[in-house]
Structures are given as structure tokens and as C-alpha cells.
Amino acid sequence: MNPWVLALLLSSASVLAGDDGWALVVQAEVRAMEGYPVVLPCSFSHPLHSHHASLQVSWRRGHGADSVVVFHCVSRSGAEGCEPELHQDQRYRLEGNPREHDLSLRINGATLQDSGRYYCQVEIQGKEHSDKMGTRVRVEAPPKILSVTLEGSSDSGYSAVCRVQGSPLPDVQWLDPDVWLQGSGAEALAEGSHYHTEGRVQDLRPHTHYTCAATNPLGRDQATLYFLQPPPLCAGGLEPLTLLLSFALGSKLVLLLGAGLWMVRRGTLQCPQCPKLKAIFNLN
């Protein structure tokens, strides 16, 4: 069985017991892999002898005013199951049976956005008991390059930005074409979260390819940008035609052509060098 399906339980369970005879047992931290299910263990004991009373179960993410209830269900008197509320995210469901004191929550298809601290709560016969410690969920993912974009102009110079997603936060490097550019114009910038980052390389040289490589302990992804800047084709202040070729490792080749090439194809861009350009790109 894939170890990520059951998740990695990283630390010993914590027991929260009160003077009233209630006790909750939760896992301090759980790790999961993006795209796989993860289970948040939670069990309880209580001094009430009746198991036929109405019972409510809640799970929330976050604490205090910023908390959000992600799952809530009601097990009515005499019923075995726990009926979830409508309009909830269907990825959340109970893994355990509350009638057997098991409130464990299952999250199907975990995403990076599911990372956070979760709290379980049970209410029986008007007696409510909540987990105060919480379970920290850490969803991890290998690097994934979201985009490689070209910025700037012929006057100010061109730079390339490689935006990456992953957890742990990937390290982003640029290669030109055989030398790592980290520390010579490339920089990694966090984007306000623990799983998004970007790397930037400045002062691109025409007719050169640049490779963005993103790595973390779970893997590696890379994409190559080809920066082609032919000489100006026409007068009239038009920007030189810039061709950008970008592909991710193992994915399809994506060709992004500037508007100037489209105009040449349609014959609306007139200049002495246009016939040569058509011949180069076989546009006849």
C-alpha cells in the first residue's frame, strides 16, 4: 500500500483530558502527498453511558476568528451513520465511526491549500468537547513550473521570470546555457505563501536559451526559454519581433509568436525584409 495513502504520522499523539472525564486523542502532525488522501486521527472518551443520544461532529481549519468549519455531520438517536451537511466540500468525510468514539477525518485528493491546522469537536447530549491542540497537516509536492514569462523591452532590456509551485519550497536556478546564473542577475522571491516562489534572470542576450530548474527533496522540474530577437524589420517605431519558445521537461513544445509574425503572415506588415522573413518561417 502506498505510504502516502495512510499518511505519515510524524509525532506521538497528544491526549487532551479534562476533569469532567472527557478525553480527546489527536495526532500532533500529519504529512501527505499532493493528490493522495490523508487521514487526520481523532478519538474521544466521555463519562456518558448512553450511546443512543444525538451526536454532532465538527472539524474546522484554523483557530479563533479565522477558523473555517470544513466538515460537520449529525448522528441522530438510534442511527449508526453520521449525516453530513449539504453543500460541503465532498473531499471531506469521516473515516471513523463516532458511535465507536472515532472522529477521524479523511481528505481525498489533498492539495497544497489544505495545509494548515485542524481541530476536531464532538457534542453529545448538549455536552461539547473540542480539541485545543490541533493537528498540523503538511501537504508536500514536487516542484511544478507554472509559467516562464518574458518581461521588458528593447530599450530597458529583457528579463525572464520563472514561477514555481512546490512544498517544501523549491530552490530556483537559471542556466545560461552551461553556467548557473544564481548570484549574477537571478533571484528567488517568495510570493506570500510557503509553496510559491519565483526566479528572475535579467539582461537576457538575444539568440540564447535559458533554462529554469526548480528542485526540492521530492523532485525536479525544468523549462527552457529561447530568446530570439531578429533585427528590426520595419520603420515606424515597431518593436523588433521577439520569439519565445518555452517547454517543460516531458511536456509538449509550446511556441509563442509575437503579433509581428501574425501580421507578416497576413501580409499587413510591409517592409523590404519581409520576404526574407516569410522564407525563413515558410509562410508562403
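These legends walk you through a predicted model, one view at a time. Local features need pLDDT of at least 70 and side-chain atom pairs count only at pLDDT 80 or more, while totals for chains, interfaces and linings use all residues. Residues are numbered from 1 along each chain as its sequence is written, and side-chain values use heavy atoms, with hydrogens and water left out.

View 1. Helices (H or I, at least four residues) and strands (E, at least two) are DSSP runs, numbered from the N terminus. Of the 284 residues, 42% are buried, meaning under 20% relative accessible area with a 1.4 Å probe, protein chains only.

**View 2. Tyr158 and Phe227 form an aromatic pair.** A search of the whole structure finds one such pair. Rings of Phe, Tyr and Trp (its six-membered ring) pair if their centres lie within 6.5 Å; planes under 30 degrees apart count as stacked, over 60 as edge-to-face and the rest as tilted. Tyr158 belongs to strand S15 (residues 157–167) and Phe227 to strand S20 (residues 219–228), so the pair ties together parts 69 residues apart in sequence. Both Tyr158 and Phe227 are buried.

**View 3. Arg60 lies over the face of Tyr119.** A charge sits over a ring if NZ of Lys or CZ of Arg is within 6 Å of the ring centre and within 35 degrees of the ring normal. For Arg60, the distance to the ring centre of Tyr119 is 4.7 Å.

**View 4. The charged end of Arg91 sits over the ring of Tyr92.** What is its distance from the ring centre? It is 5.4 Å.

Notes
Buried means under 20% relative accessible area, exposed over 50%, partly exposed in between (1.4 Å probe, protein chains only).
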